[in-house]
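Biologist: I should like to go through this model with you, question by question. Please set out the rule behind each answer.

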Amino acid sequence: MVKMIPPDERSESTDSAPSVLDISDESVYWSDTDVSQSDGSNHPKTIHFLIEIIGATNLCMRDDDLIPNAISWKNCEMQPYCIVKRGFNVLHKTKKAEQLGCNPIWTFATSSIFVLSLPVKELASLNHEKLSFLVMAKQQGVQMIDRTNRSILLGSVQLDYATILSQWCDEKRVEFPLMNEVNEEEGFRGTLALRFRIATKSDIEFTHTLNSKKTKKKIREGSKRHLFAEEAVTKAVLKDRQLASDSAHDDTESEQSQSKRHLFLEEAKTKTTAMTDRQLGILTTEEDETIVAGSSVLNAISSTFRRNSCFDRNTGLTKFRVKPNPDPKQIEATTFMSDHEIKNETRQPSQFWCEVGSGNMGKVYLEVLSCHDLPNMDLGENWGNLTDAFVTAVCEDGVVQTAIIDDELSPRWMPWVKRAFCFNIKHMTSMLYFAVFDYDLGFAHEPIGRVAVNLSHFKQDTVYTLKYNIYNAANVTERTNNGAITVRLRVEVRNEKAAYIAALQPRPKTYVNVEKEKTFRVVRYTCFGEYDNEEDFDVTIMRSYVNEIFGYRRMLNYTVNNSIKSLMFWRGQVRVFVVMLPLHSLLFFCVGAIIVERPYMFPSLLLLSVPWILLARNRISRQHPSPWRRCPSFMHYLRTLLGASPKGRERIDAYEGWEKAEEYEENIKKQLEEKQEFAEKMAEKLQRLQELGDDNIWTQVAGNVIPMDVFVRLGRYQTIMGGILKKMRMVKIILSWEDSILAFWITAVFLVIGLVSLLFPWPLILTWTGRTIIWGLFGPHMKIVDYILTSKYKSTDNKVETSIIFFDRKEKLARMRREEAVKLKAAKCLRFGKFITLVPSFNLVRHYDHPLPESTARPWRKILMAPDLDEASWLPHQQLCGTIIPRPENLAMLNKEESEREKIQIKEQVQSLLKKENFYGEICFFSMNAPLWRSVLSYCLTLNCLELNGPIRAFSHFS
């Protein structure tokens with residue numbers, strides 16, 4: 001007897017009893033009774049299958065003659081959906097696919113997952129009904145019904161529970177061909193892709209929340225809280241498992257170990273409760289604007305009746321009202337403060353922190369201190385209506401925002417307001433982006449400027465106070481300086497060696513989701529700047545591309561000329577103490593002499609030339625007068641990888657090396673300008689000569705009319721130029737060691753390969769390589785090879801068939817990538833918001849942001865930038881992984897292990913049920929109501945699926 005729980009009743013049930021699909025008279029709720037047996041074992045009584053309906057491919061409607069009916073049915077206008085049945089009972093029904101067509105993909109938004117529960121005895125019995133997946137469809141805009149007034153069936157799939165458990169219950173994607181109503185394959189109807197695994201308690205709760213009839217906002221808020229609570233429990237369980245494994249080495253656990261484990265479990269419960277009780281942060285632009293508008297109106301009215309400054313007769317200084325509000329702990333002392341007092345108070349340790357990000361490689365502590373000389377973005381400057389500034393910061397999957405400072409062009413964020421953030425990062429080369437905006441109610445927040453910070457240039461145990469100029473964009477030639485921003489930064493890496501090794505892995509795509517469109521535009525500007533769309537034609541971008549290409553040409557010409565002159569005339573190149581020695585000239589002379597005497601060494605020396613150039617560029621960067629333009633040395637990374645402790649903490653004073661740096665930059669700029677002036681004069685002379693010697697006497701005609709698709713063509717050319725420039729920018733960040741970790745690994749790899757290649761017998765290798773190429777590929781025997789190949793692939797059908805097979809494989813892989821992307825998008829939109837921004841992994845721009853001379857670096861003291869993150873607020877981790885239900889990495893791993901344990905226990909229990917003698921009696925009973933061969937075959941199939949050696953005993957029993 002099948003027992004169903006209506007969706008309305010499930011949504012009204014208590015939270016302690018998550019709703020799942022019950023197909024038995026027994027309770028399927030996950031409770032203590034589900035994991036206890038009458039014989040004292042811990043095997044579950046009920047199996048919970050987590051099933052995902054991924055999508056279908058190549059669906060088509062067939063008429064009575066089994067021919068695709070293209071007249072009455074247009075496959076491109078389908079909106080398929082799937083119904084799951086057990087017998088005549090509907091267990092689950094997806095929504096219609098979001099995209100029209102014959103290749104639908106179902107996601108969380110269309111109810112793609114559900115939990116199916118049944119008793120273990122039901123799985124072991126032979127009279128259970130199969131699970132049916134029916135793919136139905138209606139044509140968009142047309143009421144397509146058949147004679148029975150139902151949606152048209154495109155195909156179905158019928159599966160056995162035992163086969164699901166034994167063969168497909170591993171989260172792998174499985175495709176099944178669609179059959180007709182009687183489960184017969186009559187021509188190609190398409191395929192249906194499914195996934196199965198044993199559901200955990202967390203899966204059941206999540207599925208219940210997902211399939212309930214609550215609003216999306218409530219689901220999202222509940223998911224955030226539930227997600228973080230699960231992560232806290234995960235950490236506790238992993239630690240408990242470690243203690244259990246440590247104590248499992250002994251036959252009997254000591255009383256001390258038992259006491260330690262008990263104390264930890266109590267501590268874990270307390271810590272989990274504390275973590276789930278932490279304040280859930282919210283972005284400034286995500287807050288309800290009606291509340292913000294109300295407070296803004298009250299502040300505007302009160303500001304007209306209150307003074308913004310006062311004169312202190314005791315000190316003789318003018319004091320200003322502290323914005324946005326005084327310190328709640330010291331209201332009287334912090335309501336009015338002098339400019340010097342505000343500046344000193346700004347640099348005090350922050351009182352409130354916010355933790356964000358899902359990485360585990362290290363942490364980045366950021367405090368936004370102040371902005372300087374911002375432009376006024378509001379109307380009514382004469383009445384005191386000035387810029388309402390706030391700052392947005394983005395790093396990997398974390399996005400944070402400061403509090404709003406009203407009506408200030410040089411705002412300062414005090415220690416008691418929202419200004420301090422901790423980013424959990426998982427890649428050492430990640431970029432930190434932050435931008436300044438003017439907060440506006442009802443309209444889009446106006447951007448002021450942005451900065452991109454390369455975190456790989458900062459050392460551990462050092463506190464950096466950094467001041468940057470903010471610009472509207474970094475990828476165009478003409479950019480505007482809109483003030484400056486001062487931040488405080490500290491980088492903490494748990495294991496530098498592991499971090500550098502992890503940098504060898506490809507950088508994953510990172511996305512940030514937000515709920516409001518205004519917030520989306522803020523985050524996108526923070527990551528990309530004003531010109532964030534380089535694909536559509538834009539005159540400014542196109543002109544900047546052309547100028548950048550010519551700029552690279554001038555810089556390459558200048559660098560090559562200076563390098564050749566420096567090598568040739570043995571000028572000073574490497575600073576040794578206080579003397580500049582021509583070490584590169586000496587090295588180049590030795591290499592040239594070796595090539596002349598031993599030409600076969602050229603391949604090895606060519607490989608070694610790559611690390612030589614990169615090391616020379618690293619030395620040039622290290623010799624820059626400004627400490628903020630220097631990159632980490634090659635030996636710094638090498639010592640870290642070899643296990644040596646890095647050098648002491650960094651200390652940089654304000655304006656250190658500033659005068660020499662200005663002179664250095666001015667000298668380079670002057671030389672480039674001289675080269676440019678000389679090139680322009682030569683171009684004018686050539687043009688003058690061409691005009692004087694012009695001997696063309698034909699009649700000039702007007703040019704053609706500008707074509708209508710000129711902007712489309714220009715957009716296409718702009719895209720091509722953008723792709724070329726991105727490759728050139730990648731070469732630039734490697735040669736300039738802007739991405740120092742990537743440059744180090746390229747240097748190290750080529751250095752090792754070049755040194756190893758010196759041991760190769762190059763004369764023998766080059767001789768036999770030449771012989772193989774000439775005699776093997778260009779000999780007269782190639783005529784016979786050509787005849788064989790031509791005769792083999794002479795048939796055009798074979799070529800077409802081979803190409804079709806090749807592209808079918810590519811299409812399948814592409815579709816699988818698309819399915820994962822669409823599912824991840826739906827999961828992130830459900831949890832965090834529907835607007836998504838891609839966070840750039842590489843800072844491939846024309847201009848790089850470097851700290852101003854006022855910046856400082858000091859050794860870290862624990863009284864500064866050392867918050868207790870257990871008391872900090874938090875924002876949800878947006879980096880998800882997993883197959884069926886995307887989760888944070890640690891939680892996904894723990895959930896998978898729990899599912900595997902449940903699967904093993906279920907198999908053991910089914911085996912024990914099948915081995916009992918009374919179960920053979922049930923087989924004889926079923927053989928009375930069905931043909932004997934059907935009962936025997938079903939029983940043997942069940943045993944085989946569960947990996948038992950029982951079929952022989954079954955046949956002997958019946959014989």
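Predicted model: local features only at pLDDT ≥ 70, side-chain atom pairs only at ≥ 80, totals over all residues.

Modeller: Residues are numbered from 1 along each chain as its sequence is written, and side-chain values use heavy atoms, with hydrogens and water left out.

Biologist: What percentage of the 959 residues of the protein chain count as buried?

Modeller: Buried means under 20% relative accessible area, exposed over 50%, and partly exposed in between, with a 1.4 Å probe and protein chains only. For the 959 residues of the protein chain, the buried share is 44%.

Biologist: Which residue of strand β5 is the bridge partner of glutamate 52?

Modeller: Helices (H or I, at least four residues) and strands (E, at least two) are DSSP runs, numbered from the N terminus. Two strands pair if DSSP finds at least two bridges between them, and strand β2 (residues 46-57) pairs with β5 in the antiparallel sense over seven bridges. In β5, the partner of glutamate 52 is isoleucine 113.

Biologist: Why is strand β5 (residues 113-119) described as largely enclosed by the rest of the structure?

Modeller: In a regular strand the side chains alternate between the two faces of the sheet. Ile113, Val115, Ser117 and Pro119 point one way from β5, Phe114, Leu116 and Leu118 point the other way, and all are buried. Strand β5 is therefore largely enclosed, its buried residues numbering seven of the seven.

Biologist: What distance separates the end C-alpha atoms of helix α11?

Modeller: The expected span of a helix is 1.5 Å times one less than its number of residues. Helix α11 (residues 517-528) has twelve residues and should therefore span 16 Å, which agrees with its end C-alpha atoms being apart by 16 Å.

Biologist: How many disulfides does the model contain?

Modeller: A disulfide is a pair of cysteine sulfur atoms within 2.5 Å. Cysteine 169 is buried at 2% relative accessible area, and cysteine 527 is buried at 4%. By the distance rule, the number of disulfides is zero.
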